[in-house]
Amino acid sequence: MRSVAGIAVRSGRAFVARRVPGGDMGGKWEFPGGKREPGESDADAAVREFDEEFGLAVRVGETIGQSSFENNGKRYELAAVLVSFDGEPAVLREHAEARWVDAEALVALDLSDSDRSLLPFVLPLLVV
């Protein structure tokens with residue numbers, strides 16, 4: 001199973017969102033994204049997820065890294081893809097809040113384990 005995390009960076013800050021309470025990852029911060037659907041590329045999944053979750057049209061760039069994790073006994077690959085978008089989220093459909101954070105704030109957040117595994121790829125992008 002493959003999932004995609006969209007990494008948006010502006011002025012040395014990364015875009016993150018906190019999931020609504022409840023469930024395995026409730027209240028955790030993450031880089032938005034989700035599981036690829038059959039026939040989707042990483043870029044397709046990132047575009048779909050940002051539209052579904054925030055009403056945002058994203059432009060997808062390169063893949064900057066990848067990690068693996070297990071959830072409920074299933075192995076997942078997580079690809080970090082660069083994304084960019086104009087403005088701010090129109091809606092928060094799956095998250096309680098979203099914000100832009102610098103490297104120090106990002107490291108201090110209660111990130112999901114899978115997203116924390118992407119920090120080695122993301123932190124170098126947050127140098128102003």
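1. Among contacts in the chain between residues at least 6 apart in sequence, where contact means heavy atoms within 4.5 Å, 66% join residues that lie at least 24 apart. This is a predicted model, in which local features need pLDDT of at least 70 and side-chain atom pairs count only at pLDDT 80 or more, while totals for chains, interfaces and linings use all residues. Residues are numbered from 1 along each chain as its sequence is written, and side-chain values use heavy atoms, with hydrogens and water left out.

2. The chain holds four helices and seven strands, these being DSSP runs numbered from the N terminus, with H or I of at least four residues for helices and E of at least two for strands. Followed along the sequence, the elements give the pattern β-β-β-β-α-β-β-β-α-α-α.

3. As to overall dimensions, the C-alpha trace spans about 40 × 30 × 30 Å along its principal axes. The chain has a radius of gyration of 13 Å, which agrees with the value near 14 Å that a compact globule of 128 residues would have; the radius is taken over C-alpha atoms, and the globule rule is 2.2 Å times the number of residues to the power 0.38.

4. Of the 128 residues, 40% count as buried, where buried means under 20% relative accessible area, exposed over 50%, and partly exposed in between, with a 1.4 Å probe and protein chains only. The accessible surface of the chain comes to about 6,500 Å², and 49% of this surface belongs to carbon and sulfur atoms; the areas come from the Shrake-Rupley method with a 1.4 Å probe, and for residues only the protein chains shown count as cover.

5. Side chains of opposite charge can pair when their charged atoms come close. Taking a salt bridge as a side-chain nitrogen of Lys or Arg within 4 Å of a carboxyl oxygen of Asp or Glu, the count comes to twelve salt bridges.

6. One of these joins Arg18 to Glu97, with the closest N and O atoms 3.0 Å apart. This pair links distant parts of the chain, since Arg18 is in strand E2 (residues 13–19) and Glu97 is in strand E7 (residues 95–101), 79 residues apart. Arg18 is partly exposed at 22% relative accessible area, and Glu97 is likewise partly exposed, at 24%. Glu97 also forms a salt bridge with Arg99, whose closest N and O atoms are 2.8 Å apart, and Arg99 is partly exposed with a relative accessible area of 35%.

7. Another salt bridge brings together the side chains of Glu40 and Arg48, at 2.7 Å from N to O. Glu40 counts as buried at 14% relative accessibility, and Arg48 counts as buried at 16%. Salt bridges that share partners join Glu37, Glu40, Arg48, Glu49 and Glu52 into one network.

8. Ser68 lies in strand E5 (residues 59–71) and counts as partly exposed, at 33% relative accessibility. Leaving aside residues up to four places away in sequence, Ser68 touches Arg75, Tyr76 and Glu77. The side chains of Ser68 and Glu77 make a polar contact at 2.9 Å, a polar contact being a pair of N or O atoms within 3.5 Å in which, within protein, one must be able to donate a hydrogen and the other to accept it, and residues adjacent in sequence count only if both atoms are side-chain atoms. The C-alpha atoms of Ser68 and Glu40 are separated by 19 Å, with the two residues 28 apart along the chain.
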